[in-house]
Amino acid sequence: MFVTMKRNKLFTYALIMALPVLGGSIVTSCTDSFESLNTSDAQVNPDDLPFSSQWLEPMTYCYPPQQNMFQFWTNLTIDWYSGYFMTPNGGFTNCKMAVNRGHSGGMHENYYLHIFNNTRRIIANCEEQEENILAAVMRIVQAYGTLMTTDAYGPLAYTSVIEADDYTTSYYFDSQQTIYTSMLNDLGNAVKTLESINETNDATELQNLASADVWCGGDIGSWIQIANTMRLRMALRLSKRVDEMSAAGVDLKTIAKEAARNTLAASGGKDILINKGLENEMWLMFNWGDCGFNANLVTLMSGMKDPRQPLYMTKNTDEILHKGYTKESKDGTTTYYKGTGDSKTQVEQSEAVSAPTNSGYYGIRFAFDVPNKPNSWSTLSGWIQGDNGSSYSMPLPIFKGAESYFLLAEAELRGWITAQEAGGSVQELYERGVRASIQNEVDYRGPYANLTTPINASAAADEYLNQTSGQADLDDPIDDSLDHEAMNHLGAKWVGGDQEQQLEQIIIQKYLALFPLSTEAWAEQRRTGYPRLFPALINQGGASYVNTEEGLRRVIYSSNEYDTNAAELNNSGLKLLNEENTSKTGITGDNGGTRVWWDNANKGNF
């Protein structure tokens with residue numbers, strides 16, 4: 001029986017493993033020294049670990065189950081940029097578009113330390129031992145992590161890491177086009193391998209997979225569907241680069257047609273979740289006072305009367321005070337004041353309070369001059385807590401299955417696949433996606449939402465799909481200067497119209513269904529422009545780094561990349577980034593306003 005992997009002959013070095021800190025007990029937010037907080041000083045040869053342990057790290061760190069890495073991963077960057085979340089803590093300057101390199105490297109370091117470092121080693125060892133099924137599954141995991149990372153940053157050191165030997169000291173970068181081509185090839189080959197399994201001849205390998213697989217429990221059919229859903233996702237991500245991919249010998253329409261035959265939609269759009277007792281750290285981001293809900297998401301759900309809203313968020317967690325007012329509680333009595341310091345004057349509760357506790361859903365606008373915590377924005381909608389705060393045990397989300405229906409709907413809308421190949425009309429697929437999402441969220445988040453009345457998913461979907469109201473206006477309960485009229489006016493009810501209008505409805509519902517997977521939501525928002533996000537009020541980074549109107553288009557490279565691979569970062573990484581950039585604002589280089597390759601400013605959606 002395959003219990004341990006052989007020592008990797010391709011690329012060995014002293015890996016600082018993250019496994020010892022999976023159960024860390026740090027209980028305060030951290031803003032400095034993220035790398036030291038997310039690693040152990042103990043050096044462990046990963047090949048000496050049991051097989052299941054070797055697989056655990058790359059699979060689970062696709063949604064990090066360690067609190068500091070989780071915050072560093074996306075909660076200081078992409079969670080905010082996507083319009084899902086926002087911080088009430090103005091000490092984090094990314095929220096004001098003054099991009100902080102020290103807070104922008106989490107996706108990069110999580111990928112190279114916890115995912116890619118392991119997947120490339122496991123794949124090489126499995127292939128050396130002709131464990132092709134295991135190698136195919138790990139290639140899917142590797143593509144999942146790589147996709148998140150290249151979509152965030154652009155060019156990456158990829159092929160050079162895979163091909164490195166003991167003497168390699170620097171790692172050249174690949175273009176995003178090259179990385180996408182490699183991932184599509186890997187996924188296509190993985191599907192072929194998994195479709196050709198002989199259950200008798202491959203019994204030992206399948207048994208090993210079942211012992212280590214925390215995504216699908218060894219279900220090969222689910223792995224095939226994940227790979228195909230990713231292929232369709234990636235083909236559509238490149239919808240503004242079809243000609244360039246074709247010139248490189250990659251036919252995206254053919255890939256979409258092949259993948260559409262067996263996506264997660266074929267199994268009813270089931271979610272892929274890790275339910276192995278690991279801690280879901282999002283609750284802690286709220287508990288620390290470093291995270292809140294973004295006004296973009298809240299106003300979309302409120303205005304559209306989305307039945308998933310109480311499954312995603314609570315109403316305001318405390319009284320909301322108008323700007324300039326404070327309160328003090330002592331001996332069971334609360335006193336309200338206007339002003340601060342010696343000049344403050346006592347006032348009535350009715351004057352100070354904008355909204356009583358638990359009275360409505362409220363979100364924080366991105367990119368305004370939010371003060372440091374604590375402040376009134378800390379009291380807006382919160383993370384669902386479950387019984388006695390049990391939402392820490394909520395399974396980790398990897399794939400929201402409803403996405404597959406929206407991918408099929410868009411592929412059909414573009415004429416890449418027929419209704420017969422997609423399994424229904426564009427409208428039918430759109431509505432199935434909405435229904436699958438509502439049902440899945442009732443099943444997944446319902447046990448943690450503390451609802452007084454359970455949601456009947458079928459009835460809720462029927463009512464929602466007849467709603468015509470769009471996003472609500474942003475009416476900030478604290479500061480009127482943050483108010484803004486709604487940016488998105490279509491309701492959930494299918495209205496048809498031209499291709500652009502149909503795409504808008506598809507992407508907005510995909511955006512709502514993907515929550516809280518902000519990396520994918522942000523990528524789709526940048527690609528299509530939907531949903532439209534409230535514009536930034538301030539840009540403390542400056543217009544030469546990020547265009548205020550366009551907003552952030554990418555995450556800047558990690559300081560660790562500059563410290564350890566500076567020569568190649570400059571010689572190949574930044575060179576490729578600039579070559580692939582199509583920004584019309586004059587922004588180039590390693591800045592938040594530079595566009596990644598697929599974010600093509602020279603083409604519209606159709």
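User: What makes helix α14 largely enclosed by the rest of the structure?

Analyst: This is a predicted model, and in it 8 of the 9 residues of helix α14 (residues 295–303) are buried, so the helix is largely enclosed by the rest of the structure. To be called buried, a residue must have under 20% relative accessible area. The residues that pass are A295, N296, L297, V298, T299, L300, M301 and G303.

User: Which elements do the buried residues of α14 pack against?

Analyst: They pack against β3 (292–293), α15 (309–312), β4 (313–316) and α21 (499–514). Just after the helix, K305 takes a positive phi of about 55 degrees.

User: How many aromatic pairs does the structure hold, and why is the pair of Y63 and F70 called edge-to-face?

Analyst: There are 32 aromatic pairs in the structure. For Y63 and F70, the ring centres are 5.4 Å apart and the planes make an angle of 65 degrees.

User: How do you know whether Y63 and F70 are buried or exposed?

Analyst: Y63 counts as buried because its relative accessibility is 2%. F70 has a relative accessible area of 0%, so F70 is buried as well. Both values fall under the 20% limit.

User: What makes the pair of W80 and F92 tilted?

Analyst: The ring centres of W80 and F92 are 6.2 Å apart, and the planes stand at 50 degrees. An angle under 30 degrees would count as stacked and one over 60 as edge-to-face, so with 50 degrees the pair is tilted.

User: Which parts does the pair of W80 and F92 tie together?

Analyst: W80 lies in helix α4 (residues 78–81), while F92 lies in the loop between β1 (85–86) and α5 (106–128), so the pair ties together parts that are 12 residues apart in sequence. W80 counts as buried because its relative accessibility is 1%. F92 counts as buried too, at 1% relative accessibility.

User: Which residues form one aromatic cluster?

Analyst: Y84, F85, F286, F293, Y312, W383, Y511 and F515 form one aromatic cluster.

User: How do you know that the charged end of R414 sits over the ring of F606?

Analyst: The charged end of R414 is 4.7 Å from the centre of the F606 ring. A distance within 6 Å is needed, along with a position within 35 degrees of the ring normal. R414 is listed as sitting over that ring. R237 likewise lies over the face of W598, at 5.5 Å from the ring centre.

User: How many cavities does the structure hold, and what lines the largest cavity?

Analyst: The structure holds 3 cavities of 30 Å³ or more. The largest cavity has about 90 Å³ of space, and its lining is made up of Y144, L147, M148, D151, R233, I398, L514, L517, T519 and E520. By class, that lining has 6 nonpolar, 1 polar and 3 charged residues. Helix α6 gives the largest share, 4 residues.

User: What about the second largest cavity: which residues line it?

Analyst: The second largest cavity has about 70 Å³ of space. Its lining includes Y63 and F70, along with W73, T74, D79, Y144, M148, M282, P516, L517, S518 and T519. Helix α3 supplies the largest share of this lining, 3 residues. The class counts are 8 nonpolar, 3 polar and 1 charged.

User: How many residues line the second largest pocket, and which element gives the most?

Analyst: The second largest pocket is lined by 29 residues, and Q525, E549, E550, G551 and R553 lie nearest its centre. The elements giving two or more residues are α4 and α22, and α22 gives the most, with 5 residues. About 500 Å³ of space lies in this pocket. Its lining has 11 nonpolar, 10 polar and 8 charged residues.

Conventions: Residues numbered from 1 in each chain as written. Predicted model: local features only at pLDDT ≥ 70, side-chain atom pairs only at ≥ 80, totals over all residues. Heavy atoms only, no water. 1 Å grid on protein atoms, 1.4 Å probe; cavity = no way out; pocket = protein on both sides within 12 Å on 5 of 7 lines; lining within 4 Å. Points joined across faces, edges and corners; volume = space filled by probe spheres on them. Nonpolar A, V, L, I, M, F, W, Y, C, P; charged D, E, K, R; others polar. Phe/Tyr/Trp six-rings, centres within 6.5 Å; stacked < 30°, edge-to-face > 60°. Buried < 20%, exposed > 50% of the residue type's maximum accessible area, 1.4 Å probe, protein only. Contact = heavy atoms within 4.5 Å.
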